[in-house]
Amino acid sequence: MQKKKRMFGTNGVRGVTGETMTPTLVYKIGAALGSMRKGTIAVGRDTRTSGEALSHALKAGLLMTGCDVLDLGILPTPALQYIIKSGRFSGGAMITASHNPPEYNGVKVIEPDGTEMSDEETIKLEERFFTEEFDLATWDTVGRETIAPERFENYIEAVTSHFPPGIGEGMTVVVDPGSGPAALTTPIILARLGCRVHTINARLDGTFPGRMPEPSPQGLQPLAEMVVATGADFGVAHDGDADRAAFIDEIGRYVEENCEFGLIEDYICSKKTGGIIVTPVATSSLIREIAERHGCSVDYTPVGSIYVARRMIELIAAGKDVVFGGEGNGGLIYPDHQFCRDGGMTAAMMVAVLATHKGRKLSEIIDDLPAYHLIKEKYHTNDPHTVVRAVEEAFSGEKIEKIDGIKILRENAWALVRASGTEPMIRIMVEAKDPRVADGLYQEIARVLTKRVPTADRS
């Protein structure tokens, strides 16, 4: 039987501070990581109030196994990943709960190439964690700690170097870091590209007083108001660790994340025709339509940025031309930069998109994209895999893909039904250009759930 992760989810391990997320747990993660990756480990954190305490616990575990630690302090997750990738590190770890509320925190483990740890290696780390199989150092071989909070400048330089000097001249942008670590990077990146930059929620504060770490349309209303009031070309916001970006257009509208993906994909594919886009099965058909417009193709993966990143690396190693990738949630990956979601690079890319369109407004460019209607629902159930199998059986006569859960493919619509990787529920996504077609397919799935899975509850 194939082993599965017991503690880590798709993007690390998370929990409520003082309840499931404790210094003891984080110390043991550090000791397990240090036992597996001898050498120098880079450590960073977001702005959460518990970050400093948990960072010390993580470093204690690493140091006690003989690893040296470079503490980079508060910085975005992609900044930590870039520093690890471009340096000589045995790995890294980020103390963050990303988009979760302030009471949460967690740990993301990073490999020497800057990607998140694979499922196979995470299972090995968990085995050490649960058995407490730690290679503790003797008194004279414990590790040493170095503090280097200024190193995020390396990341800023790396992002800005991808663009012509002054590409943002004449543009005004409002940045909402959400009191997170992007306050240290994104405003500087955009200013160096030549933009005039205003900020909101740009004070580092782990209580997140202005809005929650998840950049929702409701939470970004103050950003939208500021964009309109200042006459800005767009607004950009980040989640709690800044590996994702969300946008507001110049008239104050929230830019749906698949449209964000499509805009930047269109820009990249226009310069690199015939390449491959890598994205999960949950991403909109908009991405395929734009790819085909430029002679590009799409390679689909299970849901999760780590699967996208590793598939990109695998295809490139096989000699394939991979030009772009990411998820339909604002987490985009640029293979000529690094193999992880990068909100700072995405903010800069939007400047490049507007510069290419030479004076056209962001709202106009968005309105020219092909329109798709997307339905997202979730059903809580104690046995999500049984639910998925029931839907698969009911639609067995149709074309189905099983990359992640089941994806029902019709000529004018698709539906994805998959078990959540973090909660006892199934997630349902249905998409079509015609809202009536999408709703009809969704109702078919809902009837299956009602008839065959009486314990499922929609929420």
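Where in the chain is leucine 136 placed? In this predicted model, leucine 136 sits in the loop that runs between α4 (119-131) and β6 (145-147).

## A nonpolar surface patch

With a relative accessibility of 49%, leucine 136 counts as partly exposed, because the exposed class begins over 50%. Leucine 136 belongs to a nonpolar patch on the surface that also includes Met64 and Val142, and together these residues present about 240 Å² of accessible area.

## The mixed sheet around β9

An open sheet is built from five strands, which follow one another in the order β8-β7-β9-β10-β11 with mixed pairing. Its edges are β8 (196-199) and β11 (254-255), each of which pairs on one side only.

Strand β9 (residues 234-238) pairs with β7 (residues 172-176) in the parallel sense, over four bridges, and in that pairing valine 173 has phenylalanine 234 of β9 as its bridge partner. With strand β10 (residues 245-248), β9 pairs in the antiparallel sense, again over four bridges, and here valine 236 is bridged to phenylalanine 247 of β10. Five of the five residues of β9 are buried, so the strand is largely enclosed by the rest of the structure. Phe234, Val236 and His238 point one way from β9, whereas Gly235 and Ala237 point the other way, and all of them are buried.

## Backbone angles with positive phi

Most residues other than glycine have a negative phi, and the following residues may be read against that background. The hairpin of β9 and β10 has six residues between its strands, and within this hairpin alanine 242 takes a positive phi near 65°.

Two further cases come from the loop between β8 and α7. Asparagine 201, which lies in the loop between β8 and α7 (221-230), has a phi near 55°, a positive value in a residue other than glycine. Phenylalanine 208 is placed in the loop between β8 and α7 as well, and its phi is near 50°, also positive. At 2% relative accessibility, phenylalanine 208 counts as buried, because residues under 20% fall in that class.

## Salt bridges between separate elements

Side chains of opposite charge can pair when their charged atoms come close. The structure holds 34 salt bridges, and one of them joins arginine 37 to glutamate 121, with the closest N and O atoms 2.9 Å apart. This pair links distant parts of the chain, since arginine 37 is in the loop between α1 (23-36) and β2 (40-45) while glutamate 121 is in helix α4, 84 residues apart. Both arginine 37 and glutamate 121 are buried.

How far apart are the closest N and O atoms in the salt bridge of glutamate 153 with arginine 192? The separation is 2.7 Å.

Aspartate 299 is in strand β13 (residues 297-301) and arginine 311 in helix α10 (residues 305-317), and the pair links distant parts of the chain that are twelve residues apart. The two partners fall on opposite sides of the 20% limit for burial: aspartate 299 counts as buried at 17% relative accessibility, whereas arginine 311, with a relative accessible area of 24%, is partly exposed.

## Asparagine 11 and its surroundings

Asparagine 11 is found in the segment before β1 (13-16), and with a relative accessible area of 14% it is buried. Leaving aside residues up to four places away in sequence, asparagine 11 touches Lys108, Glu116, Ser305 and Arg341.

Which side chain makes a polar contact with the side chain of asparagine 11? The partner is the side chain of serine 305, at 3.4 Å, a value that lies within the 3.5 Å limit for such a contact.

Terms used
Residues are numbered from 1 along each chain as its sequence is written. This is a predicted model: local features need pLDDT of at least 70, side-chain atom pairs count only at pLDDT 80 or more; totals for chains, interfaces and linings use all residues. Side-chain values use heavy atoms; hydrogens and water are left out. Helices (H or I, at least four residues) and strands (E, at least two) are DSSP runs, numbered from the N terminus. Buried means under 20% relative accessible area, exposed over 50%, partly exposed in between (1.4 Å probe, protein chains only). A polar contact is a pair of N or O atoms within 3.5 Å; within protein, one must be able to donate a hydrogen and the other to accept it, and residues adjacent in sequence count only if both atoms are side-chain atoms. Contact means heavy atoms within 4.5 Å. Patches are made of residues with over 30% relative accessible area and no salt bridge: like charges are joined within 9 Å, nonpolar side chains (Val, Leu, Ile, Met, Phe, Trp, Tyr) within 5 Å. Accessible areas come from the Shrake-Rupley method with a 1.4 Å probe; for residues, only the protein chains shown count as cover. A salt bridge is a side-chain nitrogen of Lys or Arg within 4 Å of a carboxyl oxygen of Asp or Glu. Two strands pair if DSSP finds at least two bridges between them.
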